[in-house]
Amino acid sequence: MSAARRALVTGASAGLGRAFAEQLAAGGYAVTGIDRDAPGADAPFDHLRCDLADPGAVDTLVGDLAGRGPFGWIVLNAGISATGPFEAIPPEAYARLLAVNTEAPMVLCAGLAAAGALAPGGRLVFVSSLSHFTGYPGAASYGASKDALAVYAKSVRAPFKKAYGVSVSVACPGPLRTDHAARHAPEGADAAKRMPPDEAARRILAGAQKGRAMITPGAGATIFALISRLAPGPVTSAMKRIIYDKLDRSVF
Amino acid sequence: MAEARRRIVVTGGTSGIGLELVRRLADRHDILVAGRRADTDALPVLPEGVRYVHAPLTDPEAATQAIAEAMLKAGWVKLDNLVLNAGTGFAVEGGIESAAQIRETLAVNLTASVLLARALFPWLEKAGGTLTLVGSVAHTGQGLFPAYAASKAGLHGLARALRAEWSGRVAVQIVHPGPTRTEMHAKAGHDPGRLRDIFIPADRMAAMLEGAIAARRSPVTLSFGRYWTGRAAWSGKL
Ligand SMILES: NC(=O)c1ccc[n+]([C@@H]2O[C@H](COP(=O)([O-])OP(=O)(O)OC[C@H]3O[C@@H](n4cnc5c(N)ncnc54)[C@H](OP(=O)(O)O)[C@@H]3O)[C@@H](O)[C@H]2O)c1
């Protein structure tokens, strides 16, 4: 692993982010976890509170974090969703979703890079979604936010390697066994088919360590990504049948 | 295949590709242009009869409201075409945009498009209309303007999902132009140098865009492949 033993994880208090923070801490990193909610007293990492939907708070956070760097690992993982027919969800929920999922990680990434808070040889991971390989009817704005983030990661990969010696990866995990997924899945969806967050985090960190540009954790996600690339139209139609047509409620 | 008179909203219709599209359509259709300029700077460049609303997309909520109000004021209860063409970006070194540049790019290109699609859906549905999102061939990634590329990828994803969700009600398409000879690069702080000479002229791009809008297919790439095979000359009409 790299020389700078400091790590940063957003959305660290629960789910996949929690798994990243715990695994990096177990690997000997001093981890700063960003979240709206406190992680609980047993968390093996530092917690900084921030509502990533608030641009002013994100700007303050960049300043605070610059003093805590440089970071050998940065995992920009925080994300929220909004599921339901596109026109049924209130516009405020969309503005908030795009601020948290797309704007905040991009502003954090660019701000920390400009502040010299990326350790040379370090790893920077953006958590997008497996939906990047297909359309996501029933979560159109969520899909858009994650597509934007994935392409931002792809865009900065070459310049960041050159300017800072940092390897940028984008991770596209499929359905996870987290509270987030359970809240947004259609009624009766089988939680056992989803990957436990610990396993997803392990696979993503291993992929980023190897310097991979794109990480689809698990065989299921990899095959889905491949099929979607070959036949995006039919896969989006299937997604519509599997998810959109079964939506029984809007959640945002 | 010229059809009946249509009601069309074009964002960013005050220069470049958007203005050329408006020039092509103004004789045959009712057009409302939305832009960031004050009326006094916008109206002189627009063809006679075209309506204009000052709606800077840097504030997506306020702009959405202004556009909806302008449609009501014009007495429009249906909308045949919504062309979300306005776009902005900043060319940067080393892949680092400032927070302000990232926020402006995302607000204008992505958030405003999401909110406008959401707000104008009922108008489009009444007409069985078409939502056209103007993307870019940069939507797969581009180190010179990362946030711009990201915003266009977001539009691509939005179009894929909405096209499925609204099928049979409102057609949704994403159209990705290739390099086009407009002032956009200069506004972005980028000089393409002599390459600019081979960029596609804005009026030719607008001709291909009109054809793509009429055909309602998605996704569509409008770049050198189509241009060099003469498609600008025999693209369909709206
Ligand atoms: N040119 C290319 O090579 C190229 C390639 C791929 C995709 N595109 C896309 O094509 C579309 C049109 O671009 P273009 O080349 O015609 O560029 P352009 O000449 O700069 O036109 C952009 C339009 O968007 C308007 N606009 C910019 N910021 C705005 C804001 N905050 N609020 C409202 N309107 C705003 C501009 O207003 P003003 O007239 O006041 O500046 C202008 O009308 C954009 O979406 C662009 O991303 C262009």
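I took helices (H or I, at least four residues) and strands (E, at least two) as DSSP runs, numbered from the N terminus. The model I am reading is predicted, so I kept to its limits: local features need pLDDT of at least 70, side-chain atom pairs count only at pLDDT 80 or more, and totals for chains, interfaces and linings use all residues. Residues are numbered from 1 along each chain as its sequence is written, chains are lettered from A and ligands numbered from 1 in the order in which they are written, and side-chain values use heavy atoms, with hydrogens and water left out.

**Entry 1, chain folds.** I looked up chain A and found 8 helices and 7 strands, with a C-alpha trace that spans about 50 × 35 × 35 Å along its principal axes. For its 252 residues a compact globule would have a radius of gyration near 18 Å, and the 17 Å of chain A agrees; this radius is taken over C-alpha atoms, and the globule rule is 2.2 Å times the number of residues to the power 0.38. Chain B has 8 helices and 9 strands, and because its radius of gyration of 17 Å is close to the 18 Å that the rule gives for 238 residues, chain B is as compact as a globular protein of that length.

In chain B, the bond from B:Ser218 to B:Pro219 is cis, with omega near -10°, and B:Pro219 is found in the loop between helix 7 (202-215) and strand 9 (220-222). B:Arg216 is found in the loop between helix 7 and strand 9 of chain B, and its phi is near 60°, a positive value in a residue other than glycine.

Of the 30 residues around the ligand, B:Thr14, B:Ile17, B:Asn85, B:Tyr148 and B:Thr182 come nearest, a residue being near if one of its heavy atoms lies within 4 Å. I then checked polar contacts, which are pairs of N or O atoms within 3.5 Å. A polar side-chain atom of B:Thr182 lies 2.6 Å from a ligand oxygen atom, a polar backbone atom of B:Asn85 is 2.7 Å from an oxygen atom of the ligand, and for a polar side-chain atom of B:His185 the distance to a ligand oxygen atom is 3.2 Å. Helix 6 of chain B gives the largest share of the shell around the ligand, 3 residues.

Key
A polar contact is a pair of N or O atoms within 3.5 Å; within protein, one must be able to donate a hydrogen and the other to accept it, and residues adjacent in sequence count only if both atoms are side-chain atoms.
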